[in-house]
Amino acid sequence: MDLARSRSPTSTLSSFGPSTIPVGPAGERNADGVGGSSGARPSRPGHELARVLRGWRERGLLTQEQLAERSRMGVRTIRRLESGHTFRPTAASLRLLAGALGLSDDERMLLLAAARGEAAAPPAQAAGSVPRQLPADVPGFTGRGEQLRRLDAVLAEGGAAGAVVISAIAGAAGVGKTALAVHWAHGAADRFPDGQLYIDLGGRAPGPPTTTSIQALALLLRGLGVAGDRVPAELEAAAARYRSLLAGRRLLVVLDDARDAEQVRPLLPGAPGCAVVVTSRDRLSGLVAIHGAHRILLGPLPDA
Ligand SMILES: Nc1ncnc2c1ncn2[C@@H]1O[C@H](COP(=O)(O)OP(=O)(O)O)[C@@H](O)[C@H]1O
Ligand SMILES: [Mg+2]
């Protein structure tokens, strides 16, 4: 199945015909402005949409800010949608959201139903189910044959030795670190039957990391099916929970755009059978020296 393609933002555009959503010319409408909805379960308009959106966002390990960035919508709009204050978002908004959340065709139908105020099945990932969080592959990915082979080789070697495989992809902004990690991860996904976790660590911003290790762990634990109120608040406890959930499983973890080795250290799986690919502008020397990570230094594509 061409999951990568079906998750790409552009391909979702065709799924929403302009006539499929009852949207007035006024565009987004506030829940406060209009009373009642046709759905049986929601207690107020916008409630069902808020519920499914939050569930899908958390399943995707996205913060509201990250969803806003991905969907190119304002973070205030996301917050209003998730708090049930906006209902009947425009068809364009729904398309952007579906693309950013990587929704399947069925899920897009649920989103439409929710936007009409109809109750749907809970979208959040059930405990014990297999997380599949890789973002869409870069359309027209090209080159990087040598690096892809290295990632394959490192994986095979680690598997034989029973060690955790850590690959660090370092290079300047925009050089293609995320594209390489995600493209390789899609190709290698079937070697990790217990799932693939992906998290954007937001290391690009100056100043302190936008995602701290404990925030990242909380999101990773949610991805592994831990209920929000069961996620330990302490870094040590959260890291221990994370490692014990990964023990005995074959999972791939992609830690994208790490600020430095310090930020990712608590996020490394301790279990043989798991692999982690870390991308960073930093050379991640600490990971290489202490954890034996295999570093791939990335330069610009030849024809870029
Ligand atoms: N191997 C590749 N083939 C095709 N396009 C690529 C490739 N690598 C990067 N790109 C393009 O360059 C853009 C920036 O790459 P990205 O992986 O986001 O950079 P980085 O993570 O290093 O900042 C991507 O969105 C993609 O469009
Ligand atoms: Mg990147």
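Which helix holds His186? His186 lies in helix α9, residues 177-188. The model discussed here is predicted.

His186 counts as partly exposed, because 18 C-beta neighbours fall inside 10 Å. The cut-off for buried is 20 or more. Asp137 is 49 residues from His186 in sequence. In space, their C-alpha atoms are 7.2 Å apart.

Strand β4 covers residues 196-200. Five of its five residues are buried, so β4 is largely enclosed by the rest of the structure. Both of its faces are covered. On one side sit Gln196, Tyr198 and Asp200. On the other sit Leu197 and Ile199.

What is the sense of the pairing between β4 and β5? It is parallel, over five bridges. Strand β5 spans residues 252-258. Two positions show how the strands line up. Gln196 stands opposite Leu252 in β5, and Tyr198 stands opposite Val254 in β5.

β5 is itself mostly covered, with seven of its seven residues buried. β5 also pairs with strand β6, residues 275-280. Those two strands run parallel and are joined by five bridges. Leu255 has Val278 in β6 as its bridge partner.

Leu268 lies in the loop between α12 (261-264) and β6. Is Leu268 buried or exposed? Leu268 is buried, because 22 other C-beta atoms lie within 10 Å and the cut-off is 20 or more.

Ile166 is 102 residues away along the chain. The C-alpha atoms of Leu268 and Ile166 are separated by 8.3 Å.

## The α4–α5 crossing

Helix α4 covers residues 64-71, and helix α5 covers residues 75-82. Their axes come within 8 Å and cross at roughly 120°. That angle makes α4 oblique to α5, because the roughly perpendicular range stops at 115 degrees and roughly antiparallel needs over 145. The crossing is right-handed.

Arg72 is in the loop between these two helices. Arg72 is exposed, because its count of other C-beta atoms within 10 Å is 10 and the limit for exposed is 12 or fewer.

Most residues other than glycine have a negative phi. Where does this model depart from that pattern? Arg72 has a phi near 55°, a positive value. Arg144 has a phi near 65°, also positive.

Arg144 is in the loop between α7 (105-115) and α8 (145-161). With 18 C-beta neighbours inside 10 Å, Arg144 counts as partly exposed. Arg72, in the loop between α4 and α5, is exposed.

## The shell around ligand 1

How many residues surround ligand 1? The shell holds 15 residues. The closest are Thr142, Gly176, Lys177, Thr178 and Ala179.

Helix α9 covers residues 177-188.

Technical notes
Residues are numbered from 1 along each chain as its sequence is written. Chains are lettered from A and ligands numbered from 1 in the order in which they are written. This is a predicted model: local features need pLDDT of at least 70, side-chain atom pairs count only at pLDDT 80 or more; totals for chains, interfaces and linings use all residues. A residue is near a molecule or strand if its C-beta atom, placed from the backbone, lies within 6 Å of it. Helices (H or I, at least four residues) and strands (E, at least two) are DSSP runs, numbered from the N terminus. Two strands pair if DSSP finds at least two bridges between them. Axes are lines fitted to C-alpha atoms, for helices over the stretch in contact, and angles run from 0 to 180 degrees between N-to-C directions. Angles under 35 degrees count as roughly parallel, over 145 as roughly antiparallel, 65 to 115 as roughly perpendicular and the rest as oblique. A crossing is left-handed if the near helix is turned anticlockwise from the far one by less than a right angle, and right-handed if clockwise.
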